[in-house]
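User: Could you take a close look at the salt bridges in this model and walk me through them? I'd also like to see some of the fold around them.

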Amino acid sequence: MRPLPNWSTNGPRRPWLTVSPARPRVLAALESVSLVITFDEATPVELLKRVRPQWYVKGGDYDIETLAETALVRSWGGQARALPFVDGHSTTALVARIRR
């Protein structure tokens, strides 16, 4: 499962990128992704309480052990992991390259 915040939770600097209806479709097309859900809250905690995924994955720029959602997912036996961060391959870096 990949909770996907809408543009308002990512801030006004990149609404044109994150509000695109193509973004959830691209993620959903990945074989390893079984569900993509958009949400309006600042964090996906309430959504995770309802959906109860077995896996929750964040980018490596997050300290997974400090996130409230990590403890929540693990409370029902789920796994929470951070993917290794690859320098220069973030949405923020992409936006910076486009703006140059």
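Analyst: **The charged pairs and a nearby look at the fold**

Arg-74 is partly exposed, at 36% relative accessible area (buried is under 20%, exposed over 50%, partly exposed in between, with a 1.4 Å probe and protein chains only). Please keep in mind that this is a predicted model, where local features need pLDDT of at least 70, side-chain atom pairs count only at pLDDT 80 or more, and totals for chains, interfaces and linings use all residues. Residues are numbered from 1 along each chain as its sequence is written, and side-chain values use heavy atoms, leaving out hydrogens and water.

The side chain of Arg-74 forms a salt bridge with that of Glu-65, at 2.8 Å from N to O; the term means a side-chain nitrogen of Lys or Arg within 4 Å of a carboxyl oxygen of Asp or Glu. Glu-65 is exposed, at 53%.

By this rule there are two salt bridges. The other links Lys-49 and Glu-46, at 3.1 Å from N to O. These residues sit three apart in helix H4 (residues 45–51), so about one helical turn separates them. Helices (H or I, at least four residues) and strands (E, at least two) are DSSP runs, numbered from the N terminus. Lys-49 is partly exposed at 44%, and Glu-46 is partly exposed at 44%.

Turning to the fold, strand E3 (residues 55–58) runs parallel to strand E4 (residues 79–82), joined by four bridges; pairing needs at least two DSSP bridges. Tyr-56 and Lys-58 lie on the covered face of E3, with Trp-55 and Val-57 on the uncovered one.
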